[in-house]
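Here is a short walk through a complex, taken one region at a time. Keep the structure in view as you read.

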Amino acid sequence: MKKITGIGVSAGIAYGPIYRYENQLVVVEHKTAADPQAELARLEASLATAKIELEAVLESAMQRVGAKEAEIFSAHALILEDPELLDRVAAAIQEKHLSAEEAWFEGTEHYANLLAGMGDEYLSARSADVRDVAQRVLRILTGRGQKSTDLEHPALVVAEDLTPSDTVTFDPAKVLAFCTAKGGPTSHVAILSKALGIPAITGIGSWIAELQDGLFAIVDGSAGVMVLSPDEKTRAEYQSLSASFQEKFNLALASAHQPAITLDGRRVEVVANVAAVSGASRALEFGAEGIGLLRTEFLFLDRETEPTEDEQAEDYRAVLEVFGKNPVVIRTLDIGGDKPARYLKMAAELNPFLGVRGTRLALAHPKVFQNQLRALLRAGLGHNLKIMCPMVGSLLEVRAIHAHVNQARLALEESGVEYAHDVEIGIMVEVPSAAVMADVLAPEVDFFSIGTNDLSQYTLAADRTNPDVSPLADALDPAVLRLISMVTRAAHAHGKWVGLCGELAGDPLAAPVLLGIGIDEFSMNPRAVPLVKQALRRFSTDQARQIAEKVLQLPTVADVRQYLENFA
Amino acid sequence: MAVSKEMTVLNKVGLHARPAAMFVKKAAPFKSKISIANLSKETQPANAKSLLSVLSIGVQKDDRIMVTCEGEDETQALDALAELVSSNFGEAL
């Protein structure tokens, strides 16, 4: 039995066999081949196998992510049949007596380098496709078995790293948990597993070497802990932990569609964070009363061109329609150097989290920002839309946002397009400067939504993606709680409402202190809604206020956690 | 006797991604030898049935291209490809 630790990014407990998903690069060594005919035959057989694999990938991608995103795999199939490439590879085998592996590697690298060197971002992206296809064939040639996302039985999926295209091709019903060596709480796998309710751990680093295929293990996604080959006693402990978690959840789910009303009759708004239309309907199922954070970056990433205004308006409208007249807060584009969009010229940054991201990026690309704002204002017609801008650090940025919104309104007015006139404009408070200056910003915005994930990592100077320091970025740290309290007081003094859309909002332990601080709207991952609603119903406003006052005087995060356990 | 036609690619992403794949898929079934050169960038003619070759001549929006077909079905091939380009690969402009 062995315990290893990473970053828990999606709660829940799972037990099962490990499935090592290999997506490591195959490295080709030079050795001459004696029999060119045999090499050609091997290549041909491998290409045929690759074609069959790709057809299966294409089909599952069509079902899970849609035809538009699946198109990339049909381009992959064309590369397998490319006559110029195949001629080149065949010639290398016949004339230079290269092995099938080396000839194939050389041929594909030739084109990958050619495309990468043309100084065009679209073509650079295609060169990654060529290498992806090249690796698929090399894997088959070297007999590494199928790099399959098709699990025969339920398993804990363990990988060095998972790309978006990796994750979408797994059948969520068979994935007991995801564990990756790289990545952190904001990685794609973290967001996806949370949405699907699959436990996940990232950042296990070099421990991955010990995670062999078929080995049984326990994954605790809340604690970020994995127990290898657990003994009977440990298994029983986790089993009962898991069962009691499930029982509590089911109980909370039964009342999830009732509002969260405190003992003294105050109604607290409990809404969801979602990233796509499918998430919106799931949020309704779990009792969310609206959307407190709709991420829009998924519309912008993993594609070749910027989504058009019409396309965006349609997507936003689809989410707004799910919630009728209930509030939906849509966050404008929040990307940066860590998640670059190919069509935005973004320079590589040494420190993307302190770089051009969020509203800074929007202001640097005014056309993109205008398109999105016009699409939002159009989609908001007849709905309860609120627009929220991320990563705002100063009053100047708030004013620049308003100037942009006015410009977008004017453009719609001039072209005679109907749009929503009464949309609230707010900002996320996640940069410490915005929190400190909240009293100055409050008069010029309609609302604040506190993003505790980034606010914690910026305030405590601890990278949430680095397992060595990520525990320091704890949103229950009194330093963060004091900022939250400051922001809330400043907003209320100016008659503005405050939401909280970081992970802290979804933690039932934090419910009384946030309620006591005066948070008006709790926005969280949909699966957290039932338990948080239940937690909020157990307190009166006065009790909660007393708890908050006490907590804000505690010296360390450990004291805060210990104190709050008394009310859990 | 080969047939050729000069045309302009108006697609916003040029002859990349989806349009390139459509072009190659359209060319592949014809028996004729088909080449495409990017006149705006003065490239050599590339094999129109090879996606990688078509990509590597870097056709961007508003580039002029020359398509040449040679073989028993050269006229049909040229007509089919010209129509694909003039219809902007089935996308709105």
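Start with one pair of residues in chain A. Ala159(A) has Thr180(A) as its bridge partner in strand 5 of chain A. This is a predicted model, and the pairing is part of a longer run. Strand 4 (residues 155–159) and strand 5 of chain A are joined by five bridges and run parallel.

Now look to another partner of strand 5. Two bridges join strand 5 of chain A to strand 6 (residues 200–202) of chain A, and this pair also runs parallel. Here Cys179(A) stands opposite Ile201(A) in strand 6 of chain A. How enclosed is strand 5 of chain A? Six of the six residues of strand 5 (residues 175–180) are buried, so the strand is largely enclosed by the rest of the structure.

Move along chain A to Ala375(A). This residue lies in helix 13 (residues 366–379) of chain A. Is Ala375(A) buried or exposed? A residue counts as buried if 20 or more other C-beta atoms lie within 10 Å of its own. Ala375(A) has 26 within that distance, so it is buried. Leaving aside residues up to four places away in sequence, Ala375(A) touches Glu309(A), Gln312(A), Ala313(A) and Tyr316(A). Ala408(A) is 33 residues from Ala375(A) in sequence, and the two are 9.2 Å apart in space, C-alpha to C-alpha.

Turn to chain B. Its average pLDDT is 91, and 98% of the residues score at least 70. Four strands of chain B form an open sheet with antiparallel pairing, in the order 1-4-2-3. Strand 1 (3–8) and strand 3 (46–47) of chain B stand at the edges. Each has a single partner strand, so one side of each is left without a neighbour in the sheet. Strand 3 of chain B is joined by two bridges to strand 2 (residues 33–38), and the two run antiparallel. In this pair, Ile36(B) has Ala46(B) as its bridge partner. Helix 3 (residues 74–86) of chain B lies across strand 1, strand 2 and strand 4 (64–70), running at about 0 degrees to strand 1 of chain B.

Finally, see where the chains meet. The contact takes 19 residues from chain A and 16 residues from chain B. On the chain B side, helix 1 (17–27) and helix 2 (51–56) are the elements that give two or more residues. Helix 2 of chain B gives the most, with five. The chain B side divides into seven nonpolar, six polar and three charged residues. For the complex, the predictor gives an ipTM of 0.92 and a pTM of 0.69.

How values were computed. Residues numbered from 1 in each chain as written. Chains lettered and ligands numbered in written order. Predicted model: local features only at pLDDT ≥ 70, side-chain atom pairs only at ≥ 80, totals over all residues. Pairing = 2+ DSSP bridges. Contact = placed C-beta atoms within 7 Å. Axes fitted to C-alpha atoms, helices over the stretch in contact; angles between N-to-C directions. Nonpolar A, V, L, I, M, F, W, Y, C, P; charged D, E, K, R; others polar. Buried ≥ 20, exposed ≤ 12 C-beta atoms within 10 Å, placed from the backbone. pLDDT = per-residue confidence, 0-100.
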